[in-house]
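Please have the sequence and the structure in view as I talk.

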Amino acid sequence: LVSEHRARLRMLLFQAQGSSLDNFRSEYTDAMTRTICVFFQGMNQKYPHLNIVITDFFIHLNTVWLFALLEELVLHHVKKEEMQKFIAEYIAFETAGWKELMNV
């Protein structure tokens, strides 16, 4: 996504002031926070043995981190091989963290 759409992502993330997408980041973050909270409520009902008592603010912050990740990848021209390794590291880190939070 970043390699193919770097210029568009740069406009969206850094140059959208005054456009209809000026508040994209905060609006998307809020929408994803609500969506993920509803998802965890459903997971909690379906799998009550899991500890899915995650604060809304942590979920919000996790979405903000994702934007920070995208912004850094857009700003820094990371080679494709390094980007793939980084994404694998990020996924491993996130997976381990969510497992820990849910006592899986």
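Let me begin with Phe58, which in this predicted model is partly exposed, its relative accessible area being 25%.

Now to the pairing of rings, for which a search over the whole structure returns seven aromatic pairs. In one of them, Phe40 and Trp98, the ring centres are 5.4 Å apart and the planes stand at 40°, so this pair counts as tilted. Phe40 belongs to helix α2, residues 24–46, while Trp98 belongs to helix α4, residues 80–101, so the pair ties together parts that lie 58 residues apart in sequence. Are these two residues, Phe40 and Trp98, buried or exposed? Both Phe40 and Trp98 are buried. Together with Phe39, the residues Phe40, Phe58, Trp65 and Trp98 form one aromatic cluster.

I turn now to the helix packing, where α1, residues 2–14, meets α3, residues 56–75, at an angle of about 115°, the axes being 9 Å apart. That angle makes α1 roughly perpendicular to α3, and the crossing of the two is left-handed. On the α1 side the contact is made by Val2, Arg6, Leu9, Arg10, Leu13 and Phe14, and on the α3 side by Phe67, Leu70, Glu71, Leu73, Val74 and Leu75. Sorted by class, this contact of α1 with α3 comprises nine nonpolar and three charged residues, with no polar ones.

Notes. Residues numbered from 1 in each chain as written. Predicted model: local features only at pLDDT ≥ 70, side-chain atom pairs only at ≥ 80, totals over all residues. Heavy atoms only, no water. Axes fitted to C-alpha atoms, helices over the stretch in contact; angles between N-to-C directions. Helix = DSSP H or I, 4+ residues; strand = E, 2+ residues; numbered from the N terminus. Parallel < 35°, antiparallel > 145°, perpendicular 65-115°, else oblique. Left-handed = near helix turned anticlockwise from the far one by under 90°. Contact = heavy atoms within 4.5 Å. Nonpolar A, V, L, I, M, F, W, Y, C, P; charged D, E, K, R; others polar. Phe/Tyr/Trp six-rings, centres within 6.5 Å; stacked < 30°, edge-to-face > 60°. Buried < 20%, exposed > 50% of the residue type's maximum accessible area, 1.4 Å probe, protein only.
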